[in-house]
Amino acid sequence: VAALRLPGEPGADRPAEIDIQVRPGHRRRGLGRRLLAAAAEGLRADRRTSVIAQVHAGTPAVPFLESHGFECVLVLRGMVLRLDEVPPERIARLVAAGPAGYRLIRWQGVVPDEHATALAHAKHAMADLAEYEGAPWDAHRVRETAEVVAKRGDDLYTVAALDASGAVVAGFTEIVVPHDAAGRAAQYDTAVAPEHRGRRLGIWVKAAMLEWLAAERPEVREIETDNLGDNEHMLAVNEELGFRVERESLEYQAPVSVLP
Ligand SMILES: CC(C)(COP(=O)(O)OP(=O)(O)OC[C@H]1O[C@@H](n2cnc3c(N)ncnc32)[C@H](O)[C@@H]1OP(=O)(O)O)[C@@H](O)C(=O)NCCC(=O)NCCS
């Protein structure tokens, strides 16, 4: 099976995403290559110029993609936090230790209108990813992303820190509880705007999220997250909260022009 995700409008600058699966007993017979060629037709029909694939380090996907013109553009460290290993007092202390001059807000699902533009600005703070996705964040895209999650039947939770003016989202964190979660939730974006960094806002919003989830979704036992391998600050925040490395994922990208 080859699956394509084509975010945004046809011909959008954003890269498409591909996932190819061949049953173990049928590998190394050229099926993967044929599926990739068929998917490439779809990409061209949609006027996409580039495509990405997310795979695990050390699997056959790596030589497969590399032999078809894909290059590794990101290393993501998959980490997991087991919530029963995090003492509630520690979370409560972190929440109480929030920096002066900021206040927390939270919402489920699509961002309230009054914060949509401010949240889009904060999303720019994810500079590395923004560059790589190549599309600017605005209020429309922020809403669209949340609506996609809702349409899948999953629940999106956001905690944000507003600055003293109340008009700026200085930092935020997002968690998605899939409808078929089986106890595992997924960390989505977390970011602190550059001018607000170094004040422990990142750990503050994440700790507040853990407290909220414990009350709201007690069935969630674990949270998984992917961090950029070179994102030292985020890794430090996650390690302080108790996240442990579970696996390494690689993001591969290719121009559609080199595909078979
Ligand atoms: C990755 C995957 C799709 C490859 O499917 P496949 O049908 O075995 O691939 P092909 O037979 O078309 O292989 C084409 C070329 O890729 C390379 N390749 C594929 N698997 C490889 C392996 N295990 N080791 C080394 N090279 C490999 C080879 O160059 C191969 O050509 P060759 O057989 O003539 O040497 C398959 O292993 C799979 O389903 N893996 C699990 C799912 C996955 O990780 N998908 C992510 C990919 S987007």
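Domain bounds here come from an automatic or database domain assignment. On that basis the chain splits into domain 1 (2–75 + 251–258) and domain 2 (87–241), and their centres, taken over C-alpha atoms, sit 29 Å apart.

A word on the ground rules: this is a predicted model, where local features need pLDDT of at least 70, side-chain atom pairs count only at pLDDT 80 or more, and totals for chains, interfaces and linings use all residues. Residues are numbered from 1 along each chain as its sequence is written, and side-chain values use heavy atoms, with hydrogens and water left out.

Now the chain as a whole. There are eight helices and ten strands, which are DSSP runs numbered from the N terminus (helices H or I, at least four residues; strands E, at least two). Of the 260 residues, 46% count as buried, meaning under 20% relative accessible area, with exposed over 50% and partly exposed in between (1.4 Å probe, protein chains only). Contact means heavy atoms within 4.5 Å; among contacts between residues at least 6 apart in sequence, 74% join residues at least 24 apart.

| A3 feature | Value |
|---|---|
| Strand | β1 (residues 2–5) |
| Relative accessible area | 38% |
| C-alpha to C-alpha distance to D19 | 5.2 Å |

So A3 counts as partly exposed because its relative accessible area is 38%. A3 and D19 are 16 residues apart in sequence. Setting aside neighbours within four places in sequence, A3 touches E17, I18 and D19.
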